[in-house]
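Biologist: I would like to learn how to read the features of a structure such as this one. Could we go through them one at a time?

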Amino acid sequence: HIFCSSKNPHEESMSEGERARLMEEVEEKKKLIANIRNKPWRMKRRLKHLKEAQLFVDKFEGALGKGKGRKLYAYKVMMMKKWIKFQRDFENFKTACIPWERKIKEVESHFGSSVASYFIFLRWMYGMNLVLFSLTFGLVVIPEVLMGLPYGSIPRKTVPREEQDTAMDYSVLTDFNGYCKYSVLFYGYYNNQRTIGFLKFRLPLSYLMVGIGTFGYSLMVVIRTMAKNADVGGGDGEDSEFTFAWKMFTSWDYLIGNAETADNKYASITTSFKESIVDEQENQKDENIHLRRFLRVLANFLITCTLGGSGYLIYFVVKRSQEFANRDDLGWYEKNELEIIMSLLGLVGPMLFETIAELEEYHPRIALKWQLGRIFALFLGNLYTFLLALFDEVNAKLEEEKDIKNASIWFMKEYFANFTANNPNETGTPPPIEPADVIRGPCWETTVGIEFVKLTISDIQVTYLTILIGDFLRALIVRFLNYCWCWDLEAGWPSYGEFDISGNVLGLVFNQGMIWMGSFYAPGLVGINVLRLLTSMYYQCWAVMACNVPHERVFKASKSNNFYMGLLLLILFLSLLPVVYTIMSLPPSFDCGPFSGKERMFDVIIETIELDLPSFLGTLFSYAANPGLIIPAILLMVLAIYYLNSVSEAYKNANNELKKKMQMARDEEKNRRNNKDSTNQVMKDLEDLLPNRSNLPPPEEKKDKPDERKPKVKPGAAGNAVNLQKDVSLASVNPNARGPVTQAPGPRAPGPGNSRGRGQGPPPRH
Amino acid sequence: MKNKHLQKISFIILKMFPNFKQQYFLSRLFHRYRDLAPQLVPLDYTNQPDVRLPYELIGSMPELKDNPFRQRIAEVFSEDGEGNMTLDDFLDMFSVLSEMAPRDLKAYYAFKIYDFNNDNFICKSDLEKTLNKLTRNELTEDEVRMVCEKVIDEADLDNDGRLSLEDFQHMIVRAPDFLREVCNFHHRFTSTMRGKMRKKIQEITL
């Protein structure tokens, strides 16, 4: 097209060959103009070449196609730039939506990723609890408040006459009796009307479904997070090729323009280096394996003994407390023996485990996992005693209920008899008894709910006080008494505290277990937990930054939080069991809660199926509940699990093979560059067999590198095949020209073209 | 545009920032340069006056003042190698450190920046200096030594105990963060432009 539109008078006198050559040169110059920004030249040099090229092009090129080409190019580049910017803005927006991100990054930069992983876990828990809270609140509490009967209308919603004088006392309220007990916080308040309000909202059904749905949602979320973490962790995890090199050359963020951010960045870079150094040192350690194994076995044996001993101690103390319950002449110690022993175990146990664990000499990350596992086992004992005590109470209340049921019937008969006796002239029915006067059943569900709420509140108080005294006060003392003390408080004992990752994580996990267990009996508990997690986040972030020092050996957290998730999953199952047991086997109280009057709590589902759903669904469900159908379904699921397991094993193996291959390829290439012998014996033999290639002319000096290097990088905008003059004006002679020394390796063909994209090469010979 | 010199430079800059009208953008860069020392820099650049701004002024710019490598950056881009920059050097620096500059170019200049003794190799002492600047001397000597040895171990392909340009580029182009965060001023620079101005320019350009 250039030929057709050119009006250049000189063109006619040129031959075809000259014209073609001229066109080539024009193309070259145009490419130079387009790529002039890729050259590492000084501005003066760029200007000079640009002027020359432009003159040339203007002289010999036609007008056609020039303008449009440029506009299209400019448009394309603009769109790409817009797209990049949009993507970046969207990423920024998504990151900005995540709460507390900056706070956690600050903690991470000073304390390392392992401490930050606790706060990330805490944030995740907060999110999950928020969803549970909205479920409970929206589907159970709000309907009862808006559409149910108000306070004081029926016996279960009213404080009994005897308690009304003290119902507002502070001490009674903090014990969750009085007005607290007869409020939406607890199970007992809810009415058992099948439908309420004009919307015909089925409250008992909703209550049961939300209770089960809480577990279902939590299970789903935990498993989904575990799966997602497993994905990320698997990939190019800790053994990337250039860990330290990348850390050194690419960790500084050039976009930082603020002194405080810069401080944080310095701290995080330092911490990150320290973490990698710890990892590296672990890899380099090589000691007596047998001694280490023996020590580890010994340590595990000691710890198992300790756990066994503590388990027996707990069992013994529980038995004793059951005996004490029958006696009356108890001293202070006997009354509180159980709590004292449990607290002591909770304090001494972890310290003991840590001391014994020094024998094992694990990497800090692995040592943390062991520590967590052991303390978890210890705290299971705690859980066991608590549940045992609770069940004893529940059984006692169930016994009591039978008596009271009889008593209340007699009371009612007596009331009517009295009424008729006192007013012989009245013919109508007697007015109903005042709700406050009716005899109440013991309502074991509310009692259970109160126990859980009290436990949670005391847990919160203990945690906050521990931080206040154990960390804050300690830091104050060390800081200010240091001026007038005999030995250096900061360097020696007690010094500043380190953040106790395992203690805090376990606290969080067990707390969540309590919430799961208790939320069925106390719907308000989830709300309390949400508040607790929110304040905990701010409080602990502040405490960590103000009172703690980083660990001596800062270590990188494992890429996934899967260990914490695993513990959480275990606790989820453990807390599912008591709730499911009570739903299935214990009879609900006769006069309180949404299931009062029924034989079992799940009867409400059967009632709904019979009354609300079309009849064919009822027959469908009765078929589905047939054991003949359920057992094959279970078998099928077991088979599916087995199959998926073997598939995932196969993938893991394939993954490892690929990694090995990559490693081999890397080593191979390294050796090639060093002109060492090939690691592959077969290739080496082949090389020896082939004729000597030194008869070939030495490679041109203009070629920048020896042939065998494949261009791993797209050369960018610089044209591949164009032979441009390259200039390294900022450096002198390229000392790396290895031209004639390298003997082109025998059987391998020269690499696909010389990579021109680097923009440098041997200096041109002017 | 009255300044012919600037007009020529603007064409090159246009390739870097094709959606900005060359006059406006170039004049913005020019005014940034001038604002550092208004009494030294004339408004008329047609005769290409020989004006150099000393390093102290360059190093106090907001993009550079928190950067641990600001001195090296200024030295690399300045003609005299001391950090005193002419307008050409200044424009050079911003064009290379912009988002649109190609990766290979950035890698090349990154190598220059980290090569403290200007011998075209990143040797152990260069690595030590880099590390100490990055961590503000927080690491112990042993740790510094260990890290530098590891870096050479990982990236040195021709086994001469120091990193040549090829070694460096081979390593850096695979780094996940390289294009996004390293050697990148542009985002901050253009985000200082007001939205109205930006729209105006886009109207003119399109």
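Modeller: Helices (H or I, at least four residues) and strands (E, at least two) are DSSP runs, numbered from the N terminus. In this predicted model, local features need pLDDT of at least 70 and side-chain atom pairs count only at pLDDT 80 or more, while totals for chains, interfaces and linings use all residues. Residues are numbered from 1 along each chain as its sequence is written, and side-chain values use heavy atoms, with hydrogens and water left out.

Biologist: How many helices and strands does chain B have?

Modeller: Chain B has 12 helices and zero strands, and its pattern along the sequence reads α-α-α-α-α-α-α-α-α-α-α-α.

Biologist: What percentage of chain B counts as buried?

Modeller: Buried means under 20% relative accessible area, exposed over 50%, and partly exposed in between (1.4 Å probe, protein chains only). Of the 206 residues of chain B, 58% are buried.

Biologist: Which residues of chain A does UniProt annotate as "transmembrane region"?

Modeller: UniProt annotations may be inferred rather than shown by experiment. The unreviewed entry gives this annotation to several spans of chain A, including residues 205–223 and 514–535. In the model, residues 205–223 of chain A are 100% helix and 0% strand, with end C-alpha atoms 27 Å apart. Residues 514–535 of chain A are 73% helix and 0% strand, and the end C-alpha atoms of that span lie 18 Å apart.

Biologist: Where is I469(A) placed?

Modeller: I469(A) lies in helix α14 of chain A, which covers residues 444–481.

Note on methods
Chains are lettered from A and ligands numbered from 1 in the order in which they are written.
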